[in-house]
Amino acid sequence: MTTAERRKAREENPLRAGLRAGGATTPTAFVIFGATGDLAQRKLLPAIYNLAVRGLLPPRFALVGYARTEMTDEQFRAFARAAIESHSRTPIDDHFWPAFASRLHYHAGGFDDDAHFHALADTLEQVDAEHGTEGNRVYYLSTPSSFFPVIVQRMGAARLNRPPGSVRVVIEKPFGHDLQSARELAEIVHRPFRERQIYRIDHYLGKETVQNIFAFRFANAIFEPVWNHRYVDHVQITVAESIGVEHRAVFYEETGVVRDIVQNHLLQVLALVGMEPPAAFDADSVRDEKTKVLRATRPLSLENAVRGQYGAGYVAGEEVAPYTDEPQVPADSVTSTFMAAKLDIDNWRWAGTPFYIRAGKRLAKRVTEVAVQFKRPPHLPFSSDAAEYLEANSLVLRIQPDEGISLRFGAKAPAPTLVIRSVNMDFLYGSSFLTDVPDAYETLILDAIRGDGTLFTRQDGVERAWELCDPLIQQWQVGQPQVYAAGSWGPDAADDLMARDGRRWRRP
Amino acid sequence: MSDRAVAPTPTDLAGVDRELARLRGGSHGTNVRATTLNLVAFAGSDDHVNRISDAITTIGSSRPLRALVAMPTPGPVRATVSCSSWLGAGGQEVCSELVLIEAGAAALPSAVLGLLIPDLPVFLLWQGEIGERRQLLQQLAGQATRLLLDSDECGLEATASVSRLTPALTDLAWTRLIPWREALAGFADSRDGLRALRRATAVAARGPANEAALMAGWLRSRLELHLGLDRSGRGQSMERVAVQSSGGEFLVERVGRGSVGRTVGPDGIEHPVMLPHRDWAALVGAELDRMGSDRVYEASLAAA
């Protein structure tokens with residue numbers, strides 16, 4: 001039965017009508033390549049356990065871990081339990097654990113060994129027989145990206161891409177390190193898999209608050225009419241971290257802030273804020289609109305960008321070392337840990353309304369937010385004294401932490417004369433819904449099992465994002481980033497970038 | 001449980017909003033208040049008042065609400081207000097309010113109407129039997145967008161008789177069956193399973209009579225079959241459901257006393273499944289997350 005036929009059969013299942021859980025129903029064998037790695041321990045195994053406890057996994061489900069370490073099924077179950085105990089947002093239910101653990105299996109093997117991949121195919125057939133998973137597969141590549149090509153090639157050779165049922169492959173970022181390598185990777189992955197079978201994870205898109213941008217924009221009629229160049233002066237997107245590179249120095253030296261944050265997370269958020277309303281909330285409609293707005297965006301350019309590298313300073317009262325003193329960072333490193341830029345979008349909605357972006361490490365605080373700065377009223381009928389302190393309206397979508405929405409507007413201050421002041425009206429999601437929010441990986445893994453690619457990135461979107469970033473990355477191969485004090489909001493040049501347009505950064 | 005609970009404060013009806021504003025303020029005052037719904041709960045006894053009060057301290061954190069507990073009592077209208085707050089990880093406060101309104105049955109609907117928060121949905125939760133309170137239920141339901149009751153308390157016949165009083169009716173006994181329906185639906189996700197279920201001849205259920213009848217009604221209405229029901233057991237929760245078909249047996253049953261169960265289809269493969277015993281507050285909370293009518297329930301009730 002094809003995937004479409006299965007979906008049709010599910011839709012025609014009269015017993016599903018009215019059931020609300022929203023879980024996956026297709027029998028599935030879920031294979032994690034790199035099952036003993038850091039990501040699997042911290043995120044994947046806990047996410048799958050929580051999905052199981054919430055009753056969202058298909059009734060017929062099995063997980064097969066694949067990694068080089070020799071282990072039996074029982075040892076893998078103990079390994080998984082330890083990982084879940086350490087990292088799950090919910091504690092282990094001892095009554096439920098034996099039933100869950102019985103679905104966990106393990107296959108030891110290298111990533112470049114055909115024989116092991118053929119043996120994995122045999123293991124999966126046994127899993128199908130034992131758990132009734134009907135030959136449906138989700139493969140999750142939880143390995144360093146350098147292993148992706150060899151793994152997908154071996155999968156093709158062992159015909160793991162052609163199981164009796166449906167097949168999907170989940171790939172973690174980075175999707176290449178520039179446009180050319182992204183295309184090369186896609187070419188390799190497209191040999192055994194079709195584009196619609198490939199799920200590229202950017203965990204940012206699995207965050208509830210990022211998805212709330214959809215809800216805010218497209219479920220409320222009052223904002224969309226002013227969401228354009230006629231009313232919006234400019235947009236600021238900030239992705240700030242207060243931490244340094246920590247244990248990722250080797251990785252970070254190869255990537256820097258543009259590849260690590262801007263090419264994926266930040267441009268994805270920009271696309272959600274700038275996109276046209278999709279015809280439907282489905283994978284193709286949403287990804288079409290996201291890609292369209294990225295196509296209308298001009299590439300990052302040297303004259304409209306600033307880079308920096310954190311020096312010594314204080315973050316939250318703690319003295320911290322400069323980037324070049326971090327372990328495994330060369331003393332003469334020119335890697336950028338901060339960038340700010342102005343982006344222009346050449347379409348009817350945004351022509352003349354720039355998007356300013358900034359991202360960096362060791363900034364004053366950890367915050368991700370989108371600030372929509374509106375134009376001032378065309379005419380103020382008040383005396384200049386009355387409106388002296390009146391700021392333009394702004395709408396801030398805070399993604400993390402303290403997720404919420406803040407609207408700034410003018411109000412009369414209580415006084416015998418007319419004095420207008422700006423006031424903020426804050427709405428915190430946490431003050432409306434004090435619920436346990438699922439981890440982004442739970443959302444995305446469930447979507448992959450269900451076959452819903454809406455929150456995953458498509459190859460054309462990935463390539464366009466590299467097209468926007470590559471020129472600047474190339475130009476920044478030479479020269480030095482400006483050093484900024486840790487705990488600040490970046491180098492002075494970032495403020496100058498705004499000041500030359502008569503604007504200034506919001507203080508988050 | 002809440003992080004801050006303010007002791008019930010008696011007041012008159014006109015003073016309810018003022019008193020609630022004062023209670024909400026305290027040391028955690030905020031200038032923006034988020035409320036998602038009104039919950040009108042009928043209480044025929046002190047036990048009902050205690051049950052809904054306890055439930056609000058559980059469900060009010062994820063669904064900030066105003067609960068108006070209506071209790072028929074002889075004498076003039078009296079109101080008692082209280083408020084529970086929870087602090088989220090970011091320090092933000094969630095606040096739910098509870099107003100106990102005691103009044104004669106004739107005065108209760110108007111007292112409730114005046115205290116509803118405008119523009120928010122109104123859920124009416126009816127506790128206990130309907131009996132002679134039918135007129136009061138009818139008046140309260142006239143203001144409600146959704147009526148919640150429990151046929152385990154008021155009976156299926158009475159439930160069916162009030163189904164036309166409100167645009168949307170649901171039943172906590174039906175809500176208890178959700179994991180069981182999920183498990184049975186899993187069999188029909190494959191064409192072979194659905195084909196075999198369409199040839200079902202009988203259903204056997206071990207559990208409460210109302211829930212067994214609703215389960216049979218659900219299978220009859222969804223599969224469009226005339227199914228016999230064989231019910232057994234005296235427990236307070238469903239323990240086992242087996243659907244007999246010419247294609248074999250489809251079994252869902254609880255294993256031991258915990259939340260874990262198993263499903264076994266005609267292929268003989270056993271799968272673990274969660275069959276949680278959800279407490280009353282969790283059932284009410286789940287129904288507050290849903291708006292509108294439940295056509296599947298209505299059809300199942302009719303076929304029960």
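## Basis of the model

The model is predicted, so local features need pLDDT of at least 70 and side-chain atom pairs count only at pLDDT 80 or more, while totals for chains, interfaces and linings use all residues. Residues are numbered from 1 along each chain as its sequence is written, chains are lettered from A and ligands numbered from 1 in the order in which they are written, and side-chain values use heavy atoms, with hydrogens and water left out.

## Salt bridges in chain A

Over all chains the structure holds 49 salt bridges, a salt bridge being a side-chain nitrogen of Lys or Arg within 4 Å of a carboxyl oxygen of Asp or Glu. In one of these, A:Glu74 pairs with A:Arg77, and the closest N and O atoms are 2.7 Å apart. Because A:Glu74 and A:Arg77 are three residues apart in helix 3 (residues 73–87) of chain A, about one helical turn separates them; helices (H or I, at least four residues) and strands (E, at least two) are DSSP runs, numbered from the N terminus. An α-helix has 3.6 residues a turn, so residues three or four places apart point the same way. A:Glu74 is exposed at a relative accessible area of 53%, whereas A:Arg77 is buried at 14%, where buried means under 20% relative accessible area, exposed over 50%, and partly exposed in between (1.4 Å probe, protein chains only).

Another salt bridge joins the side chains of A:Asp284 and A:Arg458, at 3.5 Å from N to O. This pair links distant parts of the chain, 174 residues apart, with A:Asp284 in helix 10 (residues 283–295) of chain A and A:Arg458 in the loop between helix 11 (440–450) and helix 12 (459–475) of chain A. A:Asp284 is partly exposed, with 47% relative accessibility, while A:Arg458 is buried at 13%. The side chain of A:Arg458 also meets that of A:Asp460 in a salt bridge of 3.0 Å, N to O, and A:Asp460 is partly exposed at 27% relative accessibility. Through salt bridges that share partners, A:Asp284, A:Asp288, A:Arg295, A:Arg458 and A:Asp460 are joined into one network.

## A positive patch on chain A

On the surface, A:Arg159, A:Arg162, A:Arg194 and A:Arg196 gather in a patch of positive charge. Patches are made of residues with over 30% relative accessible area and no salt bridge, like charges being joined within 9 Å and nonpolar side chains (Val, Leu, Ile, Met, Phe, Trp, Tyr) within 5 Å. A:Arg196 is placed in the loop between helix 7 (179–190) and strand 6 (198–201) of chain A, and at 56% relative accessibility A:Arg196 is exposed.

## Positions in chain B

Helix 2 (residues 46–59) of chain B has 14 residues and spans 20 Å from its first C-alpha to its last, close to the 20 Å expected at 1.5 Å a residue, the expected span being 1.5 Å times one less than the number of residues. Buried residues in helix 2 of chain B include B:His48, B:Val49, B:Ile52 and B:Ala55.

B:Ala302 lies in helix 12 (residues 295–303) of chain B and is exposed at 68% relative accessibility. B:Leu169, in strand 8 (residues 169–171) of chain B, is buried at 2% relative accessibility.

Key: Accessible areas come from the Shrake-Rupley method with a 1.4 Å probe; for residues, only the protein chains shown count as cover. Lys and Arg count as positive and Asp and Glu as negative; His and the chain ends are not counted. The place of a charge is taken as NZ of Lys, CZ of Arg, CG of Asp or CD of Glu.
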